[in-house]
Every structure is written in C-alpha cells, then in structure tokens.
Protein chains: 2
Amino acid sequence: MATLKDIEVAAAINILTAFAFFVAFAILRLQPVNDRVYFPKWYLKGLRSSPLNSGALVGKFVNLDFRSYVRFLNWMPAALKMPEPELIDHAGLDSAVYLRIYLVGLKIFVPITFLAFAIMVPVNWTNGTLEHSNLTYSDIDKLSISNIPIGSDRFWTHLVMAYAFSFWACYVLKKEYAIVALMRLHFLASEQRRPDQFTVLVRNVPPDPDESVDELVEHFFLVNHEHYLTHQIATERDKIINNPKSIMPAAFVSFKTRWAAAVCAQTQQSRNPTTWLTEWAPEPRDVYWANLAIPYVSLSIRRLIVAVAFFFLTFFFMIPIAFVQSLANIEGIEKALPFLKPIIEIKVIKSFIQGFLPGIALKIFLIFLPTILMLMSKFEGFISISSLERRSATRYYIFQFINVFLGSIITGTAFQQLDNFIHQSANEIPRTVGVSIPMKATFFITYIMVDGWAGIAGEILRLKPLIIYHLKNFFLVKTEKDREEAMDPGTLGFNTGEPQIQLYFLLGLVYAVVTPVLLPFIIVFFGLAYVVYRHQIINVYNQEYESGAAFWPDVHGRIIVALIVSQLLLMGLLSTKQAAQSTPLLIALPVLTVWFHRFCKGRYEPAFVRYPLQEAMMKDTLERTREPNLNLKGFFQNAYMHPVFKGGDDSDSDTASGDGDQEPELVPTKRNSQRNTPLPTKHSGSVSSLPEAVQEHAQLL
Amino acid sequence: MATLKDIEVAAAINILTAFAFFVAFAILRLQPVNDRVYFPKWYLKGLRSSPLNSGALVGKFVNLDFRSYVRFLNWMPAALKMPEPELIDHAGLDSAVYLRIYLVGLKIFVPITFLAFAIMVPVNWTNGTLEHSNLTYSDIDKLSISNIPIGSDRFWTHLVMAYAFSFWACYVLKKEYAIVALMRLHFLASEQRRPDQFTVLVRNVPPDPDESVDELVEHFFLVNHEHYLTHQIATERDKIINNPKSIMPAAFVSFKTRWAAAVCAQTQQSRNPTTWLTEWAPEPRDVYWANLAIPYVSLSIRRLIVAVAFFFLTFFFMIPIAFVQSLANIEGIEKALPFLKPIIEIKVIKSFIQGFLPGIALKIFLIFLPTILMLMSKFEGFISISSLERRSATRYYIFQFINVFLGSIITGTAFQQLDNFIHQSANEIPRTVGVSIPMKATFFITYIMVDGWAGIAGEILRLKPLIIYHLKNFFLVKTEKDREEAMDPGTLGFNTGEPQIQLYFLLGLVYAVVTPVLLPFIIVFFGLAYVVYRHQIINVYNQEYESGAAFWPDVHGRIIVALIVSQLLLMGLLSTKQAAQSTPLLIALPVLTVWFHRFCKGRYEPAFVRYPLQEAMMKDTLERTREPNLNLKGFFQNAYMHPVFKGGDDSDSDTASGDGDQEPELVPTKRNSQRNTPLPTKHSGSVSSLPEAVQEHAQLL
C-alpha cells in the first residue's frame with residue numbers, strides 16, 4: 001500500500017511533468033514556424049495568415065522577441081476571456097457545451113470539497129481506530145472512513161453528507177440541463193437557414209416493381225405531405241452507371257416549410273413500421289453515408305452481434321490488465337523477476353514504480369480501444385457521425401467502468417476475487433466493492449495525477465501533430481495549399497474525451513464520502529482541463545459537425561449513474577461497519593435519484609430529440625414575411641450529395657474555389673470523420689478561404 | 001408431498017364441481033326468468049325481448065320444455081359457431097383479440113405437450129434414481145427431471161427440448177403479433193367515422209394571464225395547425241358557475257382531417273415539453289375524466305408514490321400468504337391444532353386438505369387485490385379506462401409472479417428461505433428456485449384444477465349477478481326500464497383476467513421441460529376457458545370501451561417474460577445436476593429471446609401506439625370524394641362532454657330518448673367503468689333501444 005510519501009513523490013513528478021509541458025508549449029507556440037500547429041482554427045477561419053511571409057529570415061522561423069517568453073502562462077487568461085456567445089459563434093454549440101461538462105464538475109465538487117473538509121475530515125481524523133489496530137495504514141487512510149470504529153454513531157455524519165452531496169449534485173444537474181436545453185433551442189432558433197432544418201431522411205423505401213426508388217419517393221410524399229418540395233437519393237455513382245439496381249432505398253426529402261419537415265420527422269408514415277422510416281436529416285457534413293441503406297432485419301441482427309461482441313471485448317480485456325497490474329506492484333515484480341530486487345528496493349525507484357506504473361499500464365491498454373469501439377458503432381448502422389461518436393462514448397464508458405473502475409478495485413487487490421465476483425449476491429457485490437474502496441484511494445490519486453494532470457498538460461503540447469506537420473512540411477509541402485493540408489487541427493473527440501471526464505465524476509462522487517482527501521485532485525483536473533480545452537477549442541480544434549449539443553442527455557445520464565453507484569457502494573461499505581440502522585435511509589437515496597432522473601428525462605430530453613411545431617411555425621412565418629419570393633428549391637440543390645459525386649467534381653471545383661464566383665455551398669461537406677484524419681479535405685480548405693463570401697451569399701439567398 | 005392418489009382425489013372433486021356448475025348453468029339459463037342474467041348482451045343490442053311478456057303464466061318463469069334439458073352442453077358448439085369477423089362486429093375487437101390469447105395458449109402448448117410426452121416422459125421414466133434413493137417420491141416425480149441421475153448425459157435431451165420449445169413459442173408469438181397488428185389496422189381502417197379519429201387530447205395548457213383556457217387553445221391551434229377545426233374543454237359544471245378558475249387546463253381538439261389529427265398527436269407542440277402535451281384522444285366513453293388536469297410535476301410525484309406503495313404491497317402481502325400456507329399442510333395443522341389430529345388423519349379429509357386448501361388460501365387473498373391496484377392506477381393519473389386496466393394488469397401480473405409463483409415455490413417449502421432469498425447471488429437465485437420447481441408440480445396441478453377448471457366453470461354460472469338481479473327484481477323493479485337497469489352484463493375485466501392467463505403461460509413454460517405431466521392440465525384450462533369466455537362475450541359481457549386491442553404488446557411481452565424465466569430456472573436447475581457443460585448453451589437462449597422481443601417490438605409495436613399518416617390520408621381522400629359537403633363541426637358537437645353536464649340533461653333527454661327525434665350521440669358515453677358496477681347508466685339503456693336509428697344517423701351524417 002502506497003504511503004503518503006509515495007503520493008508526494010508521484011505528485012512532485014506529475015506536477016513537474018505538467019509544468020515542463022506548459023513551458024515547452026509556451027516556447028514552441030511562439031515560434032512562427034509552429035504557428036499552423038498551434039493556431040490552425042484561425043487559419044481555417046481565414047483570420048490568420050502565415051507569419052512566414054513577412055519579416056527577416058531568422059525571425060520567420062524563431063521568435064526572437066524575448067519579452068514574449070516571460071509571460072509563459074498568459075495563454076490561460078486569454079483562453080478564458082472569450083465570452084460564451086462568441087465561443088458558440090466561433091466554434092459551435094457542441095464545443096461550447098462540451099466545456100460546460102468541466103464547469104459542471106467544478107460546480108458539483110468545489111462546494112462538496114469545502115463541506116467535506118469542514119465536516120468529514122475532522123470527524124474521520126479524531127478517531128484512533130487505525131492507530132490501535134495492527135493494520136498497516138497511511139496518513140491518507142486516517143482521513144478516510146476506515147478510521148472510524150465499527151458500529152460508531154459517527155457514521156450518521158456520512159449518511160447525512162451522502163444526502164447533502166446527492167441533493168447538491170442533482171440540483172446542479174437539473175439547473176444545467178435546463179440551461180443546456182435552452183441553449184440548444186436558442187441555437188436552433190437563431191441559426192440561419194440550413195438544409196437540414198427542412199429535410200428528413202427516409203430509409204427503407206420498400207421496393208416496387210413498377211417504379212424506381214426516385215419516382216416512388218416523389219409519389220409517396222406528394223400524396224401524403226402537401227408541403228413536399230424535393231428530394232435527393234444518395235446513389236452510388238460508379239455503380240449506377242453499370243447497374244441501376246444499386247440505388248439505395250433511402251432519400252433526403254426536403255419540404256417547403258420547417259413545420260412540414262418537423263411533422264414528417266416525428267410521425268409514422270406507413271402501415272408497416274419498418275418501411276418509410278423517417279427521421280431528422282443530420283447536417284450534410286454529419287451524414288455517415290455507408291450506413292444509409294441497411295434494411296431493418298439486418299440492423300437488428302447487427303445490433304445483436306455487436307452487443308455480444310462488446311460483452312466479450314469488455315470481459316476479456318480484463319485479463320491482461322489484471323495481469324499487468326499484478327506485476328506492477330513491488331511484491332509482484334520481485335517475485336517474477338527476483339534479480340531486479342536490489343534495484344527496486346532503492347527508495348526513489350520504489351516510489352516511482354508504485355506511483356506510476358499502474359496508471360500507465362491501464363493507459364496503454366486503453367489507447368487501442370476507441371478505434372475498435374468506433375468500428376462496432378459503424379457496423380451497428382448509425383447514420384450520422386455524431387451518433388456514432390455518442391454510441392462509442394457510451395460503450396467506452398461502460399468499458400471504463402467495468403475494467404478501470406471495478407477492475408482496479410477488485411482485481412488490484414486479489415485477482416482470484418474476479419471469479420467469485422459473478423457468484424456473489426446483489427447484496428454482496430456493493431459490500432465487496434465498497435470495502436475495497438477506501439484502500440484504493442491512493443491508487444486513484446496517482447491515476448488522476450498521471451491521466452488528469454500530466455495527460456491534460458500533454459494535450460496542449462500537441463506533440464504528435466507537431467512532429468507530423470514538420471515532417472510533412474519538410475518532405476511533402478510544395479505549394480501554400482499543401483501546407484494547408486498538412487495542418488491537422490483535430491477535433492474534440494467526444495467518443496474518448498467524455499467517458500474520461502465521466503470517470504472523474506465517478507471517482508469524485510464515490511470518494512466524496514469515503515476518502516474526501518481525493519477531491520482536491522479531482523478539482524485540479526476539472527479546472528486545468530477546462531482551461532486547456534477552452535484554449536484548444538478556440539485556437540486548434542476544427543469540429544467536423546454540429547449536433548446542437550445532442551449529447552447532453554448522455555452526459556447527464558452518466559453522472560446520474562455515477563451518483564447511484566456511489567450510493568450503492570456506500571450502502572455496501574456501511575453495512576460492513578455494523579451501521580445497519582442506516583441502511584433503510586440509504587436505500588431511499590438511489591430510489592429518489594432514479595426518480596429524479598426520470599423527472600429530468602421527461603422534462604428536458606424531448607428538447608434534444610424532437611423539434612416543437614410551435615418553433616417551426618414561428619420561423620416559417622417570419623421567413624415568409626421577410627422573403628416572400630424565396631426559391632428554396634435552388635437552396636437545396638446538391639445540399640445532400642454522396643461524396644462519390646463530390647469527388648468527381650474536384651478537378652473542376654479546385655480551380656474555381658479560390659475565386660468565389662462559384663455558387664458556394666452553405667455548409668461545406670467533409671467526408672473524413674476520424675479524429676486522426678491526417679488531411680482535411682479540399683472542401684473545407686477551399687471554403688476556409690472565403691467565409692465572408694459564404695455568409696454574404698447565405699444572407700442574400 | 002402429495003401423492004398421485006391425492007391428485008386423483010383433487011381431480012375428481014374439481015371435475016365434479018365443474019360438471020355441477022355446467023349442469024346448474026344448463027338448467028338456470030333455460031328458465032325465462034333468468035333470461036336477462038344469461039343473455040344481457042342481446043338485450044343491450046335490442047335483439048332480444050323479454051320472454052316474460054308472452055305465453056302462459058308458469059311458462060313465463062320456468063321452462064317446461066324438457067327436451068331442451070337433454071342437450072345441456074349444447075351452448076358449447078353454439079359459442080364456437082360465430083365466425084371471428086362477426087364476433088368483432090358483435091362485441092368489438094378488444095373482446096375478439098382477448099379470446100385469441102387463449103388460442104395462443106393452445107397453439108403453443110398442444111404441440112409442446114405432444115413432443116414432451118413423446119420424448120421427455122420416456123427419457124425421465126426409464127431411470128431408477130428415485131427408486132434407489134431414500135427420498136420420498138410420488139409417481140409424478142418419476143415422470144419429471146428429478147428422476148434423472150446427477151451428471152447424466154440425458155440432460156442433453158432437456159437442453160435440446162428447451163431450444164425447441166422456445167423456438168416454437170417465439171414462432172407462434174411472432175405470427176400472432178403480425179395477425180393482431182393487421183387486425184387492428186384493418187379494424188381502425190374499416191371503422192365508420194368516429195370523433196376520436198379526428199381528435200387529440202391536449203393537456204397541461206399553460207396558464208395565461210390575458211386569455212382564458214378556451215381562447216388560448218383556439219389561438220394556439222389556429223396558429224400552429226392549419227387544419228384545426230374546433231375544440232371542447234372538459235370543465236366542471238357546478239364549480240364553473242361559482243368559480244371560473246376551475247376550468248381544467250385540458251381540451252379535446254378536433255381537426256378537419258384524420259391526417260392533421262395524426263400529425264398533432266404524434267408531434268411535440270411547444271418548446272417546453274411538459275406543456276401542450278398532445279396524444280390521441282381516447283374514445284369518448286373510454287375517457288377517465290378525473291385525471292385530465294394533473295400537472296406534470298404532480299404526475300411524476302404520484303408515480304414515485306405509487307411505485308413505492310406497490311413495492312410494499314407486493315412484499316407485505318407475502319407474509320399472510322406464507323403464514324396461511326404453512327398452516328395449510330397436514331404437519332402444520334397438526335402442530336398448530338393438535339386436537340384435530342384424529343380427524344385430519346382420515347384419508348379422504350387429508351387428501352382434501354392437501355389438494356384444496358393451498359389454492360383456496362391464495363384465492364381469497366387475491367380477491368381484494370384488483371380494487372387496490374385499480375385505485376393505484378387511478379391515483380397515478382392515466383386518462384383512459386383502457387390504460388388504467390392495462391396498468392393494473394401489469395401490476396397484478398408482477399404481484400402474482402412474486403407472491404403466487406415465487407411465493408409458492410420458496411415459502412411453501414420453507415418460510416425462512418424468504419429472508420435468505422434477497423441475500424442470494426444472481427447466480428444462486430435461479431438455482432434455489434429451479435431446484436424447488438419439480439417438487440412443486442403437484443401443488444400447481446391442484447391450483448390449476450381449482451382456479452382454472454372449477455373457477456372457469458363457476459364463471460359461466462354467474463351466481464352473484466343472478467342473485468343480485470333477482471333480489472333487485474323482487475324489491476326494486478317497477479317499470480321495464482328499472483328491469484333493464486337491474487341487468488349487470490359485466491365486462492371482460494382485462495385487469496384481472498389477463499394476468500390470470502399469464503400465470504398459466506408461466507407455469508406451462510416453466511414445467512414443459514421439468515415436469516411435462518403438468519401440461520395437459522394447462523391445455524384443458526386453455527380449451528375450457530376459450531369456450532366459456534367466447535360464450536360469455538357473445539351472450540353476456542358488454543364491453544365499456546374499445547381500445548382496438550391496444551393491450552396486445554403487453555400480452556406478448558409477458559409471455560416473453562415467462563419464456564425467459566423458464567430458461568433461467570432451467571439453467572439454475574441443471575447447474576445443480578452437474579450438467580455444467582450445458583450452461584453456455586443455455587445462456588444463449590435468454591439472450592436470443594430478449595433479442596427476439598426487441599425485434600418484435602420494433603416491427604409490430606408501432607401499430608399499437610402510432611397511427612400511420614398514409615392510412616389517415618387515404619381515408620381522408622376517400623371521404624372527401626364521397627361526401628364533399630360534410631359538416632364535421634356538427635358531428636363533433638358534444639362528442640366529448642364531461643359527465644357532469646350529461647347528468648344535468650338527463651331529465652330532458654330521458655323523455656326524448658325513446659322517440660329518436662333527438663340528435664343521438666354516435667357513441668354513448670358511460671360514466672361508470674368498474675366491472676362491478678351494479679347499474680349501467682341511463683344512456684346505455686336509452687341507446688340500446690334504438691341502435692338502428694343511431695346507425696342510420698351515423699351513415700347519414
């Protein structure tokens with residue numbers, strides 16, 4: 001078991017690492033030669049031009065103004081300065097709301113930490129249970145619930161605190177849900193006219209022997225929806241020339257009014273509920289084309305296969321992690337490799353191993369995971385990139401919960417418990433886990449420092465894109481356009497980022513009552529990450545789609561899950577402390593929390609799933625008054641076009657893209673969706689050079 | 001443990017009882033004086049007039065034609081003769097589909113029984129495990145899985161059979177779901193014009209300081225729905241005279257077309273998802289008026305309260321049942337009341353006690369339950385009688401599952417196991433229950449005979465309505481109208497009837513692999529109940545609403561639950577028989593079943609929840625072509641009227657009702673909804689005397 005001394009060493013190492021990253025970042029970002037690595041967002045927006053074109057030769061590549069090095073942390077206040085509405089304009093609602101997740105963390109945990117340190121730390125500290133026992137313990141354990149004697153009345157404090165923390169967390173969550181829901185509705189309402197506001201995606205168009213899919217769609221919607229305007233079928237270009245049967249049984253149907261689109265998206269069209277499936281069309285650049293044509297039966301079989309595959313993935317990943325962790329403690333290494341014993345016993349190395357290795361072992365395993373999960377989601381048949389990422393995030397969270405959280409608590413102490421685990425009663429599981437929790441506090445503290453402190457500081461350095469950019473720049477780049485393509489702004493990466501934050505929510509809520517000394521570490525993470533990601537969103541990331549914060553119900557739901565888990569584990573822990581009289585009171589807590597979740601779901605979730613008719617009608621009426629002669633049909637022309645067709649146009653559009661005389665698309669469509677996409681496509685590049693022209697056009701239309 | 005002899009005695013008693021009931025019914029129904037008790041449906045339809053008005057004095061009251069007594073079972077073929085489409089016309093889709101539940105039981109269990117007797121009974125019988133053991137056993141146990149030695153390869157038979165039975169059950173279920181969904185759509189499509197096809201119920205109209213609810217509703221829908229026609233607010237009559245604030249914030253909004261109503265019912269109206277809630281209006285007579293005005297927050301609190309209350313109801317009911325059952329076995333009674341020992345030891349009495357008492361004790365407890373559950377559903381805030389009954393049925397099923405099924409299996413053998421039960425692992429629970437299952441076969445066989453054979457035969461006798469009718473007839477009835485009111489046709493009582501059937505599905509599926517000898521008893525139940533209820537639906541019951549078989553997804557879901565339970569219990573049972581190598585194969589079975597359920601849910605459930613726009617448009621177009629000058633506004637006049645208003649009109653309408661010159665309502669509204677309503681209201685009475693006039697009017701409109 002790690003002592004306070006080990007923690008101190010680990011903290012020192014991690015703080016130094018984080019500090020070194022920040023200094024390196026401060027120096028590198030000031031060099032003009034790195035400008036495109038650290039400020040790609042501004043290049044894409046066309047608001048920053050290369051400093052390489054002006055000044056003296058040396059000054060082009062290295063910043064010689066030494067005054068700018070002094071204030072090496074001045075990016076932090078700069079990152080915080082941009083007000084939220086401007087941020088939404090600049091980077092989209094998704095990014096702005098994503099940052100609010102960190103704020104929620106601060107809002108929940110700062111007051112909880114103060115309360116915990118004011119009340120619970122003294123209550124825990126002023127006992128002598130551990131001192132009078134024969135157990136080995138650290139000073140951190142003296143601050144935790146372990147220091148309270150069995151059957152003590154002091155457990156009432158923990159019970160009351162569990163209520164207080166839960167109520168506070170729910171209060172913050174409810175307020176935040178309301179704010180985000182309003183932000184979303186406001187965002188959707190104040191947006192300019194966009195094709196997806198008028199468009200519905202129709203899937204599983206039933207085959208008809210007499211009509212082509214094209215005709216069929218037109219007839220069906222002409223008959224059943226009086227506001228039908230036009231539609232586009234997403235066909236495979238090369239195949240269609242050879243084989244007309246490869247037309248996908250799916251179409252993007254556009255309507256004359258938002259009202260009609262809202263109606264069509266929310267209703268069932270035909271007698272057979274598995275044909276003529278309608279739903280809101282995703283943004284054009286959010287569409288995942290490959291999945292549009294999967295029929296219903298295939299979809300439901302795919303879902304089964306992925307569910308089974310994910311189950312095996314989750315439970316077989318556990319074995320290597322547990323194996324590495326069992327090696328990654330002093331006794332384990334000494335047993336496996338006895339000749340290393342003299343080296344390991346050196347005090348600094350011992351502390352290093354204990355503080356670092358378990359966290360790193362986990363981290364390496366987790367690097368390969370997101371790609372696999374993304375493949376699973378794609379196989380499962382979601383039709384927009386945003387929903388692919390949301391689904392992957394859910395799976396990643398479940399995986400982390402079982403393997404990182406439970407895995408570290410159970411197998412870390414005893415691998416053989418794993419097998420017993422599935423044979424324990426519903427009553428026994430929270431008890432087993434609950435008992436191990438206080439013992440694992442030091443492990444999670446080091447984990448937070450490695451993953452949450454040094455990891456976040458490393459994020460801002462962008463070492464990988466930096467190296468790749470310079471390699472490309474050196475070997476490949478010939479024209480200015482090549483240089484633009486060599487930039488890799490990256491995206492937020494919701495599918496990996498959000499589950500990571502959720503792990504901190506889980507740790508914070510679970511340890512709030514048990515070992516409150518862990519809370520400040522969590523707060524540092526949330527604060528640091530907030531500043532770093534705000535900086536990255538403003539200066540670096542280029543979000544590839546805009547879902548209007550559609551992910552918030554997931555975020556909210558997972559924090560609720562963390563809350564319920566913390567309550568159940570506390571129940572299990574207290575039941576071993578012979579504080580049984582408190583159990584009925586503790587049972588009420590998860591019941592109330594579940595009820596709270598259902599209340600919020602009914603109250604706020606529809607804002608993220610449906611589109612109110614009143615809103616649609618209001619915008620339609622406004623538009624009709626302002627622009628009575630609007631030609632919507634031209635507006636929809638090619639809004640939803642399969643990338644294969646786009647690809648064919650490239651040779652023409654490339655030459656025209658610089659001039660701005662071509663009818664620009666309102667929303668540039670990008671095919672590549674992965675975070676690690678090395679090259680942004682030509683379209684985003686070409687549009688980036690004429691954003692004003694686009695906006696003017698949009699207003700003229 | 002009951003022996004085969006005990007079963008024989010119980011079977012003899014129950015068969016005799018059932019026979020006696022049938023004979024009594026055969027005699028009583030032929031007496032003219034009882035005509036209104038046994039054929040009220042035909043009186044309500046106006047197709048039968050009282051035999052008391054004609055013939056000789058004695059012949060008026062007693063049937064002297066002795067030939068008619070000879071064929072005392074001739075009602076059975078008569079009940080089966082009416083074809084299904086005619087039955088739907090006669091009694092509605094709800095009743096016709098309800099009967100199909102019994103047919104599903106026959107379709108599932110008849111082939112399973114044949115297969116089980118052909119294969120599994122020989123496999124079980126040809127072992128000597130029980131003969132060579134020191135256990136007490138009966139001949140029934142020799143036919144069950146208990147007779148197979150531990151670790152035997154013969155368990156593969158049971159495994160294969162579990163697969164075969166599950167696939168067959170799923171096949172029947174899927175086919176039936178498809179048929180019922182089609183029947184529902186056909187029924188809705190072929191129906192005459194009804195107000196609820198054009199009407200949407202709007203709830204939680206937000207308060208407005210400047211406008212009344214009336215004006216507010218009109219303005220909102222005029223703005224947001226171009227097909228808006230008219231609306232009716234359900235106000236409290238007496239209060240409104242004194243206090244205009246008592247107007248409910250709810251309204252029935254009618255549209256010009258079915259299409260517009262379908263759109264409005266399926267979409268979200270306003271930004272705030274808890275106001276302007278729209279849903280399909282129930283049939284006028286199906287509306288539960290008292291619950292229309294409950295606001296969202298109150299609704300969600302009520303739901304929490306009911307959930308907690310139901311939890312306590314379910315788990316505290318268990319104690320008295322277990323107590324009575326522990327008395328109701330020979331040893332228990334002899335211990336509690338030792339002086340009865342000589343009487344009990346008489347063989348006939350002993351068999352009687354063992355065969356009868358446990359079933360009866362259960363039955364008495366269950367009599368009071370439906371009323372409580374109905375009150376809970378009402379408190380919870382459902383707005384139609386059909387949904388109240390569906391919800392009560394769900395609760396009743398859960399209650400029966402825990403208290404009758406699990407309660408009988410666990411507490412019947414040892415009450416102290418109850419306490420241990422919640423402390424057992426997810427792995428252990430199916431094992432504990434699974435092991436007890438073969439031992440409880442004889443108990444459930446007697447239960448089926450008491451509840452399912454004699455009980456169903458008692459249903460047809462209608463002893464309670466018979467007595468009440470004659471008492472009323474003697475003391476109260478003065479005019480012919482009084483006599484009409486004294487009739488109590490009753491209804492199917494979905495909230496109690498369906499969960500009862502589901503218990504038989506559960507027992508049948510659980511015992512199919514374990515003790516197949518129970519299956520013929522189940523088949524007799526399904527066959528007998530089908531004939532009896534078909535007779536009752538044709539001749540007696542007067543369904544008070546028509547939901548278009550909206551209950552089928554519930555029925556389907558619960559059979560699936562029974563299937564999964566049976567698979568889990570078999571897994572538990574086999575794991576104690578050291579047939580562990582079969583466990584992985586058994587785990588796949590519930591996974592596949594859950595998947596099958598989700599597949600069916602996506603494929604068929606929308607037909608029961610939503611209304612396809614294509615259908616609506618088709619009917620609208622047809623109607624517009626046929627009747628271009630239709631005045632729908634007049635048609636909706638007073639279609640949805642609070643019963644308080646109706647009550648006030650009675651004095652006027654009573655005199656007019658006989659003439660048919662008054663504009664009759666298309667669908668008579670009845671306020672009383674309970675099965676045990678002693679008197680049908682005046683409206684159903686008055687309408688029953690002029691059904692042709694109503695139908696003519698409806699066609700003229």
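Predicted model: local features only at pLDDT ≥ 70, side-chain atom pairs only at ≥ 80, totals over all residues.

Residues are numbered from 1 along each chain as its sequence is written, while chains are lettered from A and ligands numbered from 1 in the order in which they are written. Helices (H or I, at least four residues) are DSSP runs, numbered from the N terminus.

**Helices α8 and α11 of chain B**

- The axes of α8(B), residues 93–125, and α11(B), residues 155–190, come within 10 Å and cross at roughly 165 degrees; axes are lines fitted to C-alpha atoms, for helices over the stretch in contact, and angles run from 0 to 180 degrees between N-to-C directions.
- The two helices α8(B) and α11(B) are therefore roughly antiparallel (an angle over 145 degrees).
- The crossing of α8(B) past α11(B) is right-handed (the near helix is turned clockwise from the far one by less than a right angle).
- Residues of α8(B) in the contact include Leu93(B), Val104(B) and Val123(B), and those of α11(B) include Thr157(B), Trp168(B) and Phe187(B); contact requires C-beta atoms, placed from the backbone, within 7 Å.
- The contact of α8(B) with α11(B) has 19 nonpolar, 1 polar and 4 charged residues (Ala, Val, Leu, Ile, Met, Phe, Trp, Tyr, Cys and Pro count as nonpolar, Asp, Glu, Lys and Arg as charged, and the others, Gly among them, as polar).

**Helices α27 and α28 of chain B**

- The axes of α27(B), residues 494–514, and α28(B), residues 519–539, come within 9 Å and cross at roughly 155 degrees.
- The pair α27(B) and α28(B) is therefore roughly antiparallel, and α27(B) passes α28(B) in a left-handed crossing (anticlockwise).
- Tyr504(B) and Gly508(B) are among the α27(B) residues that meet α28(B), where Phe525(B) is one of the partners.
- This contact of α27(B) with α28(B) has 8 nonpolar, 1 polar and no charged residues.

**Helices α26 and α27 of chain A**

- The axes of α26(A), residues 494–514, and α27(A), residues 519–539, come within 9 Å and cross at roughly 155 degrees.
- Helices α26(A) and α27(A) are therefore roughly antiparallel, and their crossing is left-handed.

**Helix α8 of chain A**

- Helix α8(A), residues 93–125, has 33 residues and reaches 45 Å from its first C-alpha to its last, close to the 48 Å expected (1.5 Å times one less than its number of residues).
- At Phe117(A), α8(A) bends by about 40 degrees (the angle between axes fitted to the seven residues ending there and the seven starting there).

How values were computed:
Parallel < 35°, antiparallel > 145°, perpendicular 65-115°, else oblique. Contact = placed C-beta atoms within 7 Å.
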